[in-house]
Amino acid sequence: MLMTKAPTIDPALSNTPDASRILGMQRIVSLVYAGRDVTPLWNELMQRVTADSTDAAALMDLAIILQTLGRSEEARQILKNAVQLRRDFRVVHGNGSGPRLLAFVTEGDFMANTPLDFLLAGSDCVLWLRYVDLQTSALVGLPDHDVAFMAIGESTENTPLLAHMQGLLARFDGLVMNRNPELIARLTRDGVSGMLANEPSILSPITHRVSREDLAAVGAGAKQLKDCAPGLAFPLVVRPISTHAGNGMERISDPAELAAFLATQPAPELYVAPFIDFRGADGYYNKQRVVFIDGKAFASHMALSDHWIVHYLSAGMGQSAAKRAVEQAWMEDFDRDFAVRHEESFAALCRCIKLDYFGIDCAELPDGRLLVFELDVAMVVHNMDDPIVYPYKQVAMRKLFDGFVDAIRRKADGAL
């Protein structure tokens, strides 16, 4: 547990007690990301809960702190307690005079819902979070808002709720961005690869769901890979269902490696896809995150790594001026270079994925095709990187965030 201290709390971090108002994900995660001490904030929130155990807003912010610190189980329980007390929470950006966005969300970690709070950074928007579940019978009694957003992301856990939301939204006559829970539910790794299979400008490696039992038989030499799914051959990328950020993912070169992997992986079913070597001419594995807002592509980040599992935080971007220079050029030239080269691919993505907002992790192959690793509505897009080290990112992210707020306004005006 965090230690109790009594330092002066920065007024900018103080959250005047309010039945619905929370600091929210963007402000709290930014503090931790920047290495700030959140103990004063924790103590303030704990004092509020001690004084009033029904202070749902304080509980919600406590849950966000715990989730940010990696204490997921504690975070989930406190989040559950907060949502049992109330269903609506409010995050005010800037002076709160901008568009009012209402997000339909569910309990879960940071990947459970579209992280809209990050997209509103630096705006004057008000974000309302309405928590829904399988017991929600109608979308009524909602806070005043200009536009709603169906923010629940794809996951095995969310699949029943997405189906439920399809019915609820069919009876809801308000303006809703990403109003297609059925499509969002299909954004599984195998679902996306199937949707994009016939697009010549895109390579989305065909992904199969294969039972642990069948893979164990391959590892033991009792079955061939092709018997598990047509066309499968080593090397493979294998990972558990409903995981992100490379968790549990391995490159497998032969049956012996597969058997060793399964010995440490209890998942009953796994995704299996061919491994694609996407190293560039510079020898780095180069992965880009691109966000689509109302059909327009925006640069989010680029990472260059020695390892085929490319994570921005572990790719050494902060330690390499040369890598940052490549990312800077990619961001600054995005609209007249990368987006032009992949105009056909981007058009195909928007044609297949008819959503107001989604993101992809991708790479550029030597033959000019776009390699799409993942397509999702819940990718974290942020401007938390040090502006001294990454000055160019502030400009690019401001453009992306402004594009998102503009899309909200167009939707409110009936133009989206």
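Helix 3 passes helix 4 in a left-handed crossing, and in this predicted model the two helices, covering residues 56-68 and residues 72-85 respectively, pack at an angle of about 160° with their axes 8 Å apart. That angle makes helix 3 roughly antiparallel to helix 4, since angles over 145 degrees count as such.

- Helix 12, which spans residues 321-332, packs against helix 15, which spans residues 391-412, at an angle of about 25°, and the axes of the two lie 10 Å apart.
- Because angles under 35 degrees count as roughly parallel, helix 12 and helix 15 are described as roughly parallel to each other, and helix 12 passes helix 15 in a left-handed crossing.
- Helix 9 (residues 212-219) and helix 11 (residues 255-262) have axes 8 Å apart and pack at an angle of about 135°, and they are therefore oblique to each other.
- The crossing of helix 9 and helix 11 is, once again in this account, left-handed.

**Backbone features**

- Phe234 and Pro235 are joined by a cis peptide bond, for which omega is about 0°, and Pro235 itself is found in the loop between helix 10 (225-228) and strand 8 (236-240).
- Asn178 has a phi near 55°, which is a positive value in a residue other than glycine, and the place of Asn178 is in the loop that runs between strand 5 (176-177) and helix 7 (181-185).

- Rolling a probe the size of a water molecule over the atoms shows where empty space is left.
- The structure holds one cavity of 30 Å³ or more, and about 30 Å³ of space lies in the largest cavity.
- The lining of the largest cavity is made up of His382, Asn383, Met384 and Asp385, together with Lys393, Gln394 and Met397.
- By class, the residues of this lining divide into two nonpolar, three polar and two charged.

Methods:
Residues numbered from 1 in each chain as written. Predicted model: local features only at pLDDT ≥ 70, side-chain atom pairs only at ≥ 80, totals over all residues. Heavy atoms only, no water. 1 Å grid on protein atoms, 1.4 Å probe; cavity = no way out; pocket = protein on both sides within 12 Å on 5 of 7 lines; lining within 4 Å. Points joined across faces, edges and corners; volume = space filled by probe spheres on them. Nonpolar A, V, L, I, M, F, W, Y, C, P; charged D, E, K, R; others polar. Axes fitted to C-alpha atoms, helices over the stretch in contact; angles between N-to-C directions. Helix = DSSP H or I, 4+ residues; strand = E, 2+ residues; numbered from the N terminus. Parallel < 35°, antiparallel > 145°, perpendicular 65-115°, else oblique. Left-handed = near helix turned anticlockwise from the far one by under 90°.
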